[in-house]
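Hello,

Here is the structure I promised to pass on to you. Have a look at it first, and then read my notes below.

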Amino acid sequence: MTMSQQTDPRSSSLQESAVLDEVRAQTAKELGIDVGEIAEDTVLKQLSGADSVRLLRIVAQIERVYDVEFEDEDIFDVSTPRQLADLVLAQARVEG
């Protein structure tokens with residue numbers, strides 16, 4: 001069960017650790033690997049099964065979960081789960 005299934009992340013202020021856990025969980029789900037294999041500083045492109053299509057699916061899923069939309073240039077700068085979580089938090093602050 002992911003964080004998105006437990007709570008509505010948009011209903012309260014976002015917790016940094018919860019966003020990072022959600023990014024890691026969505027990454028693990030998309031790539032079919034254990035979430036324990038994904039640290040906050042893991043380079044996403046180096047994970048087993050990662051390719052550009054799957055990484056874009058992860059980003060799209062995160063956008064849906066948090067009801068945010070990233071700029072293309074921001075997405076291309078993301079290489080780790082921490083950076084993607086930070087992008088969510090920054091976008092939430094702009095929209096909040």
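Predicted model: local features only at pLDDT ≥ 70, side-chain atom pairs only at ≥ 80, totals over all residues.

**What I found**

Let me begin with the chain as a whole. It has 96 residues, and 41% of them count as buried. If you take the contacts between residues at least 6 apart in sequence, 54% of them join residues at least 24 apart.

Now to the inside. Which residues have the most contacts within the largest nonpolar core? They are V19, L47, I62, Y66, F70 and L84, in a core of 25 residues. The elements giving two or more residues to this core are α2, α3 (52-66) and α5 (81-95). With 6 residues, α3 gives the most.

Leaving out residues up to four places away in sequence, I62 touches E22, V23, Q26, V68, F70, L84 and V88.

Helix α2 is worth a look too. It covers residues 16-31, so to speak 16 residues in all, and reaches 23 Å from its first C-alpha to its last, close to the 22 Å expected at 1.5 Å a residue. Its buried residues include V19, E22, V23 and Q26. After α2 comes G32, which has a positive phi, near 70°.

Enjoy exploring the model!

Best wishes

Note on methods: Residues numbered from 1 in each chain as written. Heavy atoms only, no water. Helix = DSSP H or I, 4+ residues; strand = E, 2+ residues; numbered from the N terminus. Expected span 1.5 Å × (residues − 1). Buried < 20%, exposed > 50% of the residue type's maximum accessible area, 1.4 Å probe, protein only. Core = buried A, V, L, I, M, F, W, Y, C linked by side-chain atoms within 4.5 Å. Contact = heavy atoms within 4.5 Å.
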